[in-house]
Amino acid sequence: MAETEKVVIVGAGFAGLRLAQDLINHPNYEVYLIDKQNYHQFQPLMYQVATARLEPASISFPLRKVFQKAKNVRIRITEVSEINFDDQFVATPIGNFNYDHLVIAIGCTTNYFGNKNLQDFAYPMKTIPEAIQLRNRILQTFENALNTTDPDDLQTLLNFVIVGGGPTGVELAGALAEMKQHILPKDYPDKDFSKLKIYLLEGSPNTLSPMSEGSQKMSQKYLEELGVSVVTNTFVKDYDGTTVTLNTGKTINSKNVIWAAGVTGNVIKGFPETSITRGNRLVVDRQNEVIGLKHVYALGDIAYMETPIFPKGHAQVASVALQQASLLADNLSRKVKNKPLKDYEYTDKGSMATIGKRKAVVDLPKFSFQGRLAWFTWMFIHLMLILSIKNKLLIFMNWMISYFNNDSTLRIIMKPVATKVKTRKE
């Protein structure tokens, strides 16, 4: 084994970032962290950016800032276009990167299940730019409502349809409902927003279907108390930008459809078909090595691992990604010392979701609880997961202001520039 080997990590999400952090200043590994963006985004709070509760910078962390003191970690901002497994390099627009160990941690993207209309007309919320786009759309809708006099057009504008009753959909629906209750009457005293309707559509019988029965029922109860119309056992068949067609034959007129119904793995050219399974996930063994490939690993949402406890693979959540990254870092250290490698076994520490002020549900391995205590627990856990102390303070201050006055000061529509600056080609 060479004295120093190169570890190339593709993706700076939860898994990629944690692995790079765990390998900081490791004497045997030189790390290259490659991502399309120069920041790590904290996805669990993305919905708060979309509803103008937090600024994007509060949940974004510059990668170079994170690794300022790391002597062995190099950041490269680019996309990986292809991987050559025979010659062991990844191809990018800025050049090729050779590797001794390659780690794929590129996560997932929005899954529209092959429906081109949904892809064209529904709003996704998987990235910071998408959250800003959605925030602009939500705020612009309220402005447009002031100048819409036709009752049918106004109702179409004020119908918000959220597709997907998982944590993202539930939390977003709750945040919009609180905007309707507490913010719109103050911001628009000359307009009656009582007709604003929020629909949450879920294909299974319950919201938050992976959680406990108590959390499912309570989350739906909280949403209905906030005025959200929860429609379960219902799928969206089509959407043309104005009319949502459901599998039941019913329709909802809406100009604002938010898609939070599923994800599919990001794909990089070069992987053999035998390594890819449903949802475009990479099949890995118990050490997260991709089946059929040597020294190539997959972590987090993109990885599919079957174990006796999880025969259908693990949930695509941050805790799985973080634990996989930590184990891989440990195994890479074990390789250097010729120690036996460890198998991955997920330790489920629980799951949670917030529906609104003092309304949340928490499932721990042994018991569940809901309400005010669950809400404070949700806030505490999410604050602890935020990377920098500065960002923790910014988020905490915003939350406290919102808690005491049911308001925020972040409702700014950030439109794209009208004039594009041309760059000269050399």
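Predicted model: local features only at pLDDT ≥ 70, side-chain atom pairs only at ≥ 80, totals over all residues.

Trainee: Is Asp 120 exposed, partly exposed or something else?
Mentor: Asp 120 is partly exposed, at 44% relative accessible area. The cut-offs: buried is under 20%, exposed is over 50%, and partly exposed is in between, with a 1.4 Å probe and protein chains only.

Trainee: Where do Asp 120 and Lys 116 lie?
Mentor: Both are in helix α4, residues 116–121. They sit 4 residues apart, about one turn of the helix. Helices (H or I, at least four residues) and strands (E, at least two) are DSSP runs numbered from the N terminus.

Trainee: What about Arg 334, which residue does its side chain meet in a salt bridge?
Mentor: Asp 330, at 3.5 Å from N to O. Arg 334 counts as buried, at 19% relative accessibility. Asp 330 is partly exposed, at 27%.

Trainee: And which residue forms a salt bridge with Asp 330 at 3.3 Å?
Mentor: That's Lys 342. Lys 342 lies in the loop between α9 and β23 (351–356), while Asp 330 is in helix α9, so the pair ties together parts 12 residues apart in sequence. Lys 342 is partly exposed, at 36%.

Trainee: How many salt bridges are there in the whole structure?
Mentor: The search finds 10. One network of salt bridges links Asp 187, Asp 407 and Arg 411.

Trainee: New topic. Which charged side chain is nearest to Glu 202, with opposite charge?
Mentor: Lys 126, and it is 15 Å away. Glu 202 is buried yet has no salt bridge. For charges, Lys and Arg count as positive, Asp and Glu as negative, and His and the chain ends are not counted.

Trainee: So where does Glu 202 lie?
Mentor: In the loop between β12 (197–201) and α8 (213–225). Leaving out residues up to four places away in sequence, Glu 202 touches several others, including Gly 165, Val 231 and Asn 233. Contact means heavy atoms within 4.5 Å.

Trainee: How many residues are in the largest nonpolar core?
Mentor: It has 62. Leu 45, Ile 59, Phe 142 and Leu 176 have the most contacts inside it. A core is a set of buried Ala, Val, Leu, Ile, Met, Phe, Trp, Tyr and Cys residues joined through side-chain atoms within 4.5 Å.

Trainee: Which helix gives the most to this core?
Mentor: Helix α7, residues 167–187, with 9 residues. Another core lies apart, with 27 residues, among them Ile 83 and Met 305.

Trainee: Last one. Why is strand β1 described as largely enclosed?
Mentor: Because 5 of its 6 residues (5–10) are buried.

Definitions and conventions
Residues numbered from 1 in each chain as written. Heavy atoms only, no water. Salt bridge = Lys/Arg side-chain N within 4 Å of Asp/Glu carboxyl O.
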